[in-house]
Amino acid sequence: MATRQSEVLLSGEFVRISKKGGLFKVTVNKDCIAYHPVHSPETPMETNFIQISDCVGSRCERPTSGEQNCGTWLTVIFYPFRKKLFSGKRTRHRVTVTFQIKTSDDFEENSRLAEKWMNVINCLVREIPVAIEDVESCVPPLRKKLLILVNPKSGPGRAVSIFKQEILPMITDADIPYKMIITDHGGHGEELMKDLVLDEWYGVVILSGDGLLYEVINGLMSREDWKSAIKLPVGCLPGGSGNALCCSINYAAGEPVLHDLVLHSTFILIKHRVIPMDLVVVQTPSKKYFSFLSVTWGLLADIDFESEQYRSMGEARFTIGAIKRIIGLRTYKARLSFLPVTDYIPKNNSEEGNKSNKLLTKIRRFSLRSRSSSKSTVNSQDEIEGQSSSEGQSSNVNGEPLNNGFDVDADFKAQTVNNSASNVENPSVADVNFNSQSIINDNISDLQNGNKVKTEINGDGGHVEIQNGGALGEPVITSDCTLRKETEYLTAAAENGDMQIEQEVIVATKREGMPVPTPLMSPLDQPVPEGWVVIEDEFILAGALYQTHLGSDMLAAPNAHINDGFIYLMFVRQGISRNALLNLFMTFNEGNHVDSPHVELVRCLAFRLEPLSPGGNVMIDGERCDPCPLQGQILPGLAQLMAMK
């Protein structure tokens with residue numbers, strides 16, 4: 001067991017303050033705090049373990065009145081999982097364990113010892129490495145303040161009471177400094193971000209639905225110093241109806257989504273790492289938006305907008321809205337265009353059915369870089385945070401610095417792309433082909449590094465051996481960036497013959513002082529660029545998604561990741577019955593709708609929607625936009641999010 005094999009940093013014998021009391025042997029290592037009665041042999045049944053991963057902090061206190069005053073109390077606060085009595089659901093719950101630190105009759109000496117234990121535990125809780133030689137001197141660095149924005153009118157209107165009753169006790173346990181601002185009008189969040197002094201804050205946390213976070217993101221991106229402003233970490237806590245990003249963060253972290261969402265989201269906030277988050281720039285004929293969640297049109301947008309009148313019901317509003325809209329089902333004609341990551345194969349095209357298991361021939365990616373940067377700051381999921389401190393940089397909640405430079409690269413090594421809810425360190429080529437089940441399962445990191453890989457081909461049990469070679473295209477200079485295509489050719493030797501996979505990475509190097517470049521898209525009044533797929537049809541719904549959830553019971557894009565560099569374009573064409581559509585919506589909670597023959601879900605880098613019939617709604621991150629031609633492009637890893645792996 002790793003927790004027993006780790007180096008012991010602290011060890012002592014203290015009395016536990018509890019009903020049973022007693023003297024306990026207590027040890028601390030980087031993984032856990034262990035304690036057992038000293039009068040009993042040290043056996044697994046007698047030893048209790050507090051996992052550091054469950055801890056939020058520790059504190060020292062003077063004994064309460066009536067106790068001997070020469071000792072000091074050390075309290076450890078943690079939130080382990082347990083199963084609920086009747087439902088059997090796993091949920092975290094608050095537990096405290098208190099020891100009396102009393103090794104002498106001198107109160108000051110006992111206090112110093114207790115503070116040493118507290119400092120070591122708090123450093124470990126905040127993932128600050130502690131070596132055995134540093135135990136006597138380690139002190140966790142001071143934290144910068146969190147700016148917490150609370151929307152009192154979001155969802156059922158309980159955000160303020162949620163903060164006071166559920167969130168505040170937890171962040172107090174973790175000793176996180178903060179300032180709370182209650183927003184009082186629409187657009188208040190955007191106004192605050194435009195004038196925010198970045199260096200004064202660690203990050204911004206939203207307690208609301210998704211609308212206030214939308215304001216914050218667009219406020220940061222509207223600043224002249226947007227490239228450093230957007231590196232300010234943002235976090236979110238559920239206080240609205242949808243809470244889609246909170247659900248996506250919890251899902252990615254393996255925390256519960258369907259129950260106790262506030263508790264588990266606050267735990268993630270306390271224990272978070274700062275990770276890159278993809279944004280999508282959305283263009284309409286009159287305005288530009290920066291989106292973190294989705295663009296929906298048709299049935300999904302109608303449900304979202306028309307259920308506003310039931311806002312006081314919380315998430316139940318969406319169920320009522322869905323039933324009402326399915327009964328009065330509408331179809332909309334549109335031209336839907338997109339730049340797919342791999343070859344697009346229509347799901348309803350029987351002639352293409354025999355190609356569903358074809359080998360990949362081309363993979364597209366998009367990379368966004370700064371002219372002053374030579375490489376990405378996002379090299380892997382384990383190398384997200386900065387390594388050294390400098391003036392002007394913000395630090396994470398553990399006191400560790402973050403790189404505020406504009407340096408984002410969505411190359412293969414930076415992404416985690418997998419087929420499950422859990423984090424798989426190495427993505428696979430097969431996962432990039434979303435429309436068909438590719439029969440190559442390969443490690444993209446190894447391909448990127450030019451390593452030979454032998455892997456099974458699904459189906460016939462054959463093997464491929466892959467080597468790579470590459471080429472750089474000539475740079476193209478535009479008004480806002482320099483474009484270059486990086487092409488690698490991956491040669492696959494299979495039992496049925498050789499094949500070649502082309503990996504095309506479009507690299508945009510931003511010019512200083514220019515806005516975010518959008519080289520994948522042409523102007524809205526011009527045809528889409530070469531290589532795009534164009535579909536003109538009658539649709540029930542369409543949605544561009546870049547997070548897993550649209551609500552706690554809507555796992556809309558189960559393979560999406562916070563920073564995988566993809567837009568997941570979902571659409572349903574006309575021809576589905578009301579009964580089939582209702583059954584389809586009932587499968588959203590587990591993501592099984594993707595297996596429906598009526599649902600197409602395509603990974604792409606950019607899209608364009610051109611409504612060709614009147615009426616309907618368009619929703620960008622849950623905010624209504626007048627139906628009009630619009631288009632969007634992925635901006636890989638542009639923002640910074642407080643989340644967990």
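This is a predicted model: local features need pLDDT of at least 70, side-chain atom pairs count only at pLDDT 80 or more; totals for chains, interfaces and linings use all residues.
View 1. Antiparallel pairing holds throughout the order β4-β3-β2-β1-β9-β6-β5. At the edges stand β4 (48–51) and β5 (55–61), and because each has a single partner strand, one side of each is left without a neighbour in the sheet. On average, and with direction ignored, neighbouring strands of this sheet are turned by 30 degrees against each other.

**View 2. The pairing of β6 with β9, and the helix that packs on the sheet.** Strand β6 (residues 72–78) and strand β9 (residues 95–101) run antiparallel and are joined by seven bridges; W73 has Q100 of β9 as its bridge partner. Helix α2 (residues 107–125) packs on the sheet, where it touches β1 (10–16), β2 (23–28), β3 (32–37), β5, β6 and β9, and the direction of α2 makes about 170 degrees with that of β5.

**View 3. The crossing of helices α3 and α8.** The axes of α3 (residues 159–173) and α8 (residues 261–271) come within 10 Å and cross at roughly 35 degrees, and the crossing is right-handed. On the α3 side the contact is made by I162, E166, I167, M170 and I171, while α8 contributes V262, L263, T266, F267 and I270. By class, the residues of this contact comprise eight nonpolar, one polar and one charged.

**View 4. The buried face of helix α13.** Within α13 (residues 578–585), the residues L581, L584 and F585 are buried. Seen down the axis of α13, these buried residues fall within an arc of 95 degrees, and they therefore line one face of the helix.

Conventions:
Residues are numbered from 1 along each chain as its sequence is written. Side-chain values use heavy atoms; hydrogens and water are left out. Axes are lines fitted to C-alpha atoms, for helices over the stretch in contact, and angles run from 0 to 180 degrees between N-to-C directions. Helices (H or I, at least four residues) and strands (E, at least two) are DSSP runs, numbered from the N terminus. A crossing is left-handed if the near helix is turned anticlockwise from the far one by less than a right angle, and right-handed if clockwise. Contact means heavy atoms within 4.5 Å. Ala, Val, Leu, Ile, Met, Phe, Trp, Tyr, Cys and Pro count as nonpolar, Asp, Glu, Lys and Arg as charged, and the others, Gly among them, as polar. Buried means under 20% relative accessible area, exposed over 50%, partly exposed in between (1.4 Å probe, protein chains only). The arc is that of the directions from the helix axis to the C-beta atoms. Two strands pair if DSSP finds at least two bridges between them.
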